[in-house]
Every structure is written in structure tokens, then in C-alpha cells.
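Please keep the sequence and the model in view while reading.

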Amino acid sequence: MDNFLSADAIRTRFSQAMSAMYQQEVPQYGTLMQLVMAVNDRTLESDPALKDRLAAADELNRLNIERHGAIRVGSASELATLRQMFAVMGMYPVGYYDLSQAGVPVHSTAFRPVDDAALRRNPFRVFTSLLRLELIDDVTLREKAAAILASRDIFTPRCRQLLQLHQQQGGFTAEQAAEFVSEALETFRWHAHSSVDSQTYHALNQQHRLIADVVCFPGCHINHLTPRTLDIDRVQQLMPSRGIEPKTLIEGPPRRQVPILLRQTSFRALEEAIIFKEGHQGSHTARFGEIEQRGAALTPEGRALYDRLLQQAGSGQDNQQHQQHLADVFRDFPDDEQTLRQQALAWFHYRLSEKGIATPPARGETLDSLIAEGRIIAEPIIYEDFLPVSAAGIFQSNLGDHAQVRSTGQASRAAFEAALGSAVIDEMTLYAERQQRSLLRCGMMQ
Ligand code: OOG
Ligand code: NI
């Protein structure tokens, strides 16, 4: 059936619809997006080499459509249906993140495209967290929360029908896709009407603010959408000029010559008016804005070094000091592409240059010599995933200064996968395969 719309096209329409909805719901998100675009334009203008590099890696096209979102769900069946919904858009669960380590009672995955072409077209990702109800220590309250979750349906009846239709047909026509996008959007819409009374809300909020956020509303509202910036330090600095107050610290690695992994910062969640079931007014803080700057994906060795240095650096109270301190500690992390490649700290994508096409690699020639001769070009593969310590920092900054730290309990990937109804894909395998494929395409058998 060739009149089906591609999953990539559905994902792009969906991410655009989400962005439009969130701009209406949280106008600061629109302001932030404009700031990010302005800074991206300035950065590209003042750094033509960066612009060429991004263009060569096919990343320029995706820059301004690129974003991630985040949602939190309450039950296994919600998570499993989300998996089906995202599969329609070519998004699959990649990675397992245990946030209980940092006192946040959830574990998570990221739904995202996995193959090169899909990532190039639109790498839209949704960081998806499953609440761990077992961390509510009051049994009566835990059972009540479970009952509330069991009685809600966060998907519209039409959305469920369309998911079935998609399974039967193996795709959607343009018209069906449009209807699907608008039905799917309903799951992520904000509801000012809480589905519980104020007493239940406060009891759950008392346990943990995230628990109230997940349990007390009829849907799983999108809680932020995050554009990709090329200069996060600049955007952080400029946010106050647009009336946006950033969180204190930029999460992740320091600024470097060769950016690695992911740097993130956010602005505080809004305090929004809500109406409880009995009609009383209240307020709820959940939705915020975030920006991210992405760099090279690290190999397991690189990642181990990153984790060790990050832990060594610790946290701080002042961003400038913290960034300086991070930069000092990260001196032990090589900061040029050649060393990152030769020490196998980062993943690379290899391609033949004009010269390499004219004189292809011959048997016995090494990658190093081919690169030195300019016949093969190596570019770092961009990190497409998330970082648990950073994610915990983003969560915490939105839980207020008196964030309750829960006893961590045993988070388990197996339990998460059972709820999801499938295994999560290992992100390292994806990067390794990507690198390997690029080498084969160059005619290198390694
Ligand atoms: C998710 C927080 C984590 C990120 O980009 O690491 C996150 C949430 O608040 O639901 O968005
Ligand atoms: Ni995020």
C-alpha cells in the first residue's frame, strides 16, 4: 500500500502539532524558542566552520525542527499503549533511566527514531517516565492512587480505534494520519480540572509532588518541550532579558572545543490555577521550558570517564563557578576529535571524501592513514539520548527547594520492560552499529 504516509512524516506533523499546542499553553516556550533560534543564527553566522560541519553532517536542516518533550505516566497499560502510539510515528523505546537514585520516584525511557535516515529527518524524542507507586509508603493512599489511575483513560476512544486500524492496515493514509495526530494530541493536553478532590490532591502531593502530578489529572500533559541550541551558555545568559528565569546550573559536561553528550538548562515550572473535583480552586506547578545543546555520543569507555569526572566535580551554587570547576576537572577528558577517536572515547561516522572516492581504501591501509591523507572524513556521531544525573537535576529544579527525597527502593529495568511490553533498545548498540555501517560503506572491513 504505497498511499500510506511514512512514519517520519507522521512524527514531524505530530511534533509540530505538539509545539503549536505548547506555545499556546505556555507562551514562555514560544519566547524561548525564538531566543534559541536567534542565538543559533548568530552562532552559525560567526562560526562558518561550524556551519559547514553541520551542513556536511546533514544536521543543519534538522536544527530548527529539533526538540524533545517529556511526559509522565502512572500505569503499565498507559505506558504500553504509548509504546504503540509512538511506534506509529517511528519512535521506539531507547535506553533505561533509573531516577530513583536521585530521589525521583520514576524510571524512564526515551521514545525516539533509531535509524540514520529517520534521525536526519526529524529526531523528535519523548522522555517518558513511569511513576513507581510502590514508593508511596502509606498503603491506603497507594491503593487509592492505583484505583484512580485504573479508572482513567488517557487516550480518546477514537485514538484507540485508530491504533487498531493502523495495526490491521500497516499504515495510515494522509487523512487518517491527520486524524490520528489530532486525537493523539489530546493525551498530552493540559487540563486545569483535576480529576480528584483537594484532599486527595494534597495527600498525594505530600508524598511527592510528582505523584500528584501524575495521578490527579485526566491526561498525561506534556510538561516541557526542548529546542536544541548551538550555544547554551549564551541562551542561559540571555534568558532574563526575555523575562525568563533559568535554573541555577547548566547540567551536564562543561563547554568544550568538541562538545560531548548533552548540556541542559530549564526555567522554573509555572504555578497554574487548577480546579478540584468539588469545585475548590488550587494551584499546581508542573510545566516548564528547557533547552539543550548536543555533542558527541561517547563509547562505554568515554561514558565511564564522563561519569567519573562528573561525580568528582560534584554540584555547585553558582553557575559561573560551577562551569569553571567542571572545566578544570574535565581537563582529563581529551578535547580534540583525533584523540577522542584514537582512544575510542567517542563514536564516529566515517565517509569518503572526493579524494577517497577517486582513490578508495586499499587492503592493508589503516583508518588513521586514510584520515591523515584526507581520503576518509571522520565526524563525531551526535548523542541522541539523555543523561540520568542531568534529568534528575531538571526534575529537582521543578520540585521546589524542599524537594522530598524518597527512599530509593530497587528500581528495575526488568519491571519497566514488563510494564512497557517490550525490551528497551540499548543505545550503545545503536551507536556502535552506526559507526560500523559507515566504515563498511567506506569499504573498510574492521
Ligand atoms: C523529565 C525530566 C528529564 C531531560 O531532558 O533530561 C528531562 C520530566 O520532568 O518529566 O526532561
Ligand atoms: Ni527534557
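This is a predicted model: local features need pLDDT of at least 70, side-chain atom pairs count only at pLDDT 80 or more; totals for chains, interfaces and linings use all residues.

Ala344 counts as partly exposed because its relative accessibility is 37%, where buried means under 20% relative accessible area, exposed over 50%, and partly exposed in between, with a 1.4 Å probe and protein chains only. Ala344 sits in the loop between α15 (337-342) and β10 (348-352), helices (H or I, at least four residues) and strands (E, at least two) being DSSP runs numbered from the N terminus. The phi of Ala344 is near 55 degrees, a positive value in a residue other than glycine.

Most residues other than glycine have a negative phi. Leu261 belongs to the loop between α12 (232-238) and β6 (262-267), and with a relative accessibility of 1% it counts as buried.

Asp138 is placed in the loop between β4 (125-131) and α7 (139-150), and at 35% relative accessibility it counts as partly exposed. The C-alpha atoms of Asp138 and Gln207 are separated by 8.7 Å, while the two residues are 69 residues apart along the chain.

## Overall fold and surface

The chain contains 20 helices and eleven strands. Its radius of gyration is 23 Å, close to the 22 Å that the globule rule gives for 446 residues, so the chain is as compact as a globular protein of that length; the radius is taken over C-alpha atoms, and the rule is 2.2 Å times the number of residues to the power 0.38. Along the principal axes, the C-alpha atoms fill a box of roughly 75 × 60 × 40 Å.

Of the 446 residues, 55% count as buried. Among contacts (heavy atoms within 4.5 Å) between residues at least 6 apart in sequence, 75% join residues at least 24 apart.

## Confidence and conventions

The average pLDDT, the predictor's confidence in each residue from 0 to 100, is 92 for the chain, and 97% of the residues score at least 70.

Residues are numbered from 1 along each chain as its sequence is written, while chains are lettered from A and ligands numbered from 1 in the order in which they are written.

Terms used:
Side-chain values use heavy atoms; hydrogens and water are left out.
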